[in-house]
Amino acid sequence: MVRKVLLVVGLLCLLSSCSDSKKSEETPSSFPDPPSFTSANGVLDLLMIAEPSPITLSSFKPTAWVFEVCKTSDAQGDQCPSDSHTASPYGGVRLQLTQGDHLRIRLINHLPPVPADAEHAHGSDPMMNAMLADNPINIHTHGLIVEPRKADAGDPTYGDYVYVLGYPSGKLPSMVDSDETATDQPIQYDIYIPKDHPSGIFWFHPHVHGLGVNQLSEGLSGILTIGAVTDYVPSAANIPVHYLAFKDMQILPTGEAQDQEYPDFCNPDPAAGETRDGTCDGTDQSSDPEGGNYIGGKWVFSINGQVYPTFSVTESTGEIWRLLNTGPTRGYDLVLQDDQTHAPLQFQVLSLDGVALGLPAGSDIAHIRAATAGKVDAVPCTGSASTAATAPVCATHLVMMPSSRVEIWIAPPTGSSTATLLTNVLNTGPAGDTWPSVNLAHVSFTATSANSARRLSSRPEVRPAGHNLLSSTGLLGAPVAAAFSGVGPSVPLRDAKQVASGQARSLPAASGATAPRPLTQQQIHSMHIHMADLSRPIRSLASPDCSALPPGHRRRVFFGVPPWDSDLFGLGYEEVDADDNPVPGTFQEISPFDPDNVNVCLPLASGNQPVTEEWELVNVAGEAHNFHMHQTKFYVESDNAPSGDGAAMMDNVPLPTGGNNCDGSVALWRLGTCKVPIVRVKIPFAEVGDFVYHCHIGEHQDGGMMAHIRVIASQ
């Protein structure tokens, strides 16, 4: 069995409503696409209830946790109707939105208390135990560039804010961290999608520190899409588009779900006589204090909740697959393998992490690999040379870490054949995990003469999106805006500052209008209070006064383990000057997440323009990590990319490991013993508020590899 190892050697060469779905993107087939809810007249207003639900996976009938979803207009109070207007599949639903839409979610928690195996709810920290015992939830809209707005007296609704915890009615904990907001009432989310937000695939899931693995393992997640594929792949109007959300659940011999996933539940490769069509057999791991005897149990892998589904590709246009890894911890090395020749089939990569992958025409393999930060192991595209304005990006396998989204084009069949979508063994380093190989789906290719006239004359052309995002009118380059209660969802901060300071009593004329917009005294007072909050500096571990980085300075973040407890995970920090020297007094030892501390506070640029910072990501551990930043995108700098190239925008990137010579400490890295490439990223910050950055491997995130960041309006 082929193995994929995420080690430094491999990466150095790369880096130095249910019935409302869009018909244009849903061609009827046997493909198990999830049920969808679509916005209408600029609004998608939903009731979402987290609850336990018995399901069937393989030969087992465990109880999962699911989101029951219906439109608020169909709900009866805080209950969804028991009919076709409600969807609650284990595989999740899809929320379809358009730029400028208003997403409203009323979130209710009907979950049971956390199970006994929820590691971080039954630990040595009384505060954490009390906070997590009754299974609080919230919602994070992963990948969306939206405001992390906190509720206040003027507006009791939330944006994409992860510091609110929703408990079942009557289950408020006796103590909560000071920076967390706890409620046992429904949480109302009002999330405004910017009019210039990129089209793409995103997802939603709970983001409760300490319960990430548990709640994702049990099934709490769904797909979220903005716009249409045709927005960046014009020829997609004639190509079927399908969704593949990968989920995994470990089921014990008793038939119950294992809430705290164990990485060695299965052997990496099949045992003699073992068939791995969507499952792998549990093994005896009782010699490990953290393991157990899993013989008779199975690790079950599903696509949209279906185990080893079979589907057909018949269209002469090929198909577009929108892939999403919703699993808490494991990564996939995906291959579509021909059943006869056992050779991998080539496909074209259209987007990464919800941003179209339109690289400059003529880009060679080295440039493509560098621009995608090693996330795409590009190969030369087969067939005739492309004449498109952008270079097609082709590959034969994809490494998808947790939270990754990739869109690919599967070429049309030229005859009848079959293939298997599978994941190879994936190893994350000597101190990491070895994820087992599994067959995920069976695919049949059948060419039909009836559709031959629709065959594409060339590969789909992808319109670039990264440079548009960063332009002076793009979402990450234009003046920063925020929502002001009673005024509007997108008020430029430079205009709000004029009002809040008493220099103006109206807002500039909106697009299409000729006269300024007058404000009432109440609106002016509200803007004054809210603007003061958005501008309030706070002491952080990186800076006592939330000051901007001096010119040429960078932030360096270490990924490793605290020196006092190797069973935990954490992040360290230091500032680096223009001469690559650490700034004295800025070093912070690797430590686990503490919600009471703000790790980084930074202001927007002058005039409340977005501010772009350079960060260095240093993995000093013997296993791979997966950096993720909320509320924005970033790109990885590379010596191999042409000057001025924006590369590929993304919101997560794997960090290579230095192998056995790295023990998780900064000390060995400084000595030069732990040799690992530094991953340099440029991050444009264009949203104000409190959010987080972290390793998006659930075990690491729950174990403390996360940090609090605050972005404030400029003074």
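**The disulfides and their surroundings**

Mentor: Happy to. The torsion about the S-S bond of cysteine 70 and cysteine 80 is about -85°, so this disulfide is left-handed. The sulfur atoms of cysteine 70 and cysteine 80 lie 2.2 Å apart. Please keep in mind that you are looking at a predicted model. As for what such a link is, a disulfide is a covalent bond between the sulfur atoms of two cysteines.

Where does this pair sit? Cysteine 70 belongs to strand E4 (residues 63-71), while cysteine 80 is in the loop between E4 and strand E5 (94-97), so the link ties together parts that are 10 residues apart in sequence. Buried means under 20% relative accessible area. Cysteine 70 has 0% relative accessibility, so cysteine 70 counts as buried. Cysteine 80 is buried too, because its relative accessible area is 10%.

Number the bonded cysteines of the protein in sequence order, and the pairing reads 1-2, 3-4, 5-6, 7-8, 9-10. One cysteine that stays out of this scheme is cysteine 695, which is in no disulfide. The nearest cysteine sulfur to cysteine 695 is that of cysteine 662, 15 Å away. Cysteine 695 has a relative accessibility of 0%, so cysteine 695 counts as buried.

Let's move to another of the links. Cysteine 381 is joined to cysteine 394 by a disulfide, with an S to S distance of 2.0 Å. This link is right-handed, with 105° about the S-S bond. Distant parts of the chain are linked here: cysteine 381 is in the loop between helix H4 (365-371) and strand E23 (390-391), and cysteine 394 is in strand E24 (residues 393-395), 13 residues apart. Is each end buried or partly exposed? Cysteine 381 has a relative accessibility of 25%, so cysteine 381 counts as partly exposed. Cysteine 394 is at 1%, so cysteine 394 counts as buried.

Next come cysteine 546 and cysteine 601, which form a disulfide with their sulfur atoms 2.0 Å apart. Their link is left-handed, with -80° about the S-S bond. It connects distant parts of the chain, 55 residues apart: cysteine 546 is in the loop between helix H7 (521-534) and strand E34 (554-560), and cysteine 601 is in strand E37. Both cysteine 546 and cysteine 601 are buried.

E37 pairs with strand E44 (residues 706-712) in the parallel sense, over four bridges. In E44, isoleucine 709 is the bridge partner of valine 600.

Isoleucine 709 in turn takes us to tryptophan 615. Leaving aside neighbours within four places in sequence, the contacts of tryptophan 615 include Ile709, Phe627, Met629 and Tyr693. Trp615 is also among the residues with the most contacts inside the largest nonpolar core, together with Trp321, Val349 and Phe627. That core has 123 residues. A second, separate core has 38 residues, including Leu44, Leu107, Leu111 and Val162.

Notes
Residues numbered from 1 in each chain as written. Predicted model: local features only at pLDDT ≥ 70, side-chain atom pairs only at ≥ 80, totals over all residues. Heavy atoms only, no water. Pairing = 2+ DSSP bridges. Helix = DSSP H or I, 4+ residues; strand = E, 2+ residues; numbered from the N terminus. Disulfide = S-S within 2.5 Å. Buried < 20%, exposed > 50% of the residue type's maximum accessible area, 1.4 Å probe, protein only. Core = buried A, V, L, I, M, F, W, Y, C linked by side-chain atoms within 4.5 Å. Contact = heavy atoms within 4.5 Å.
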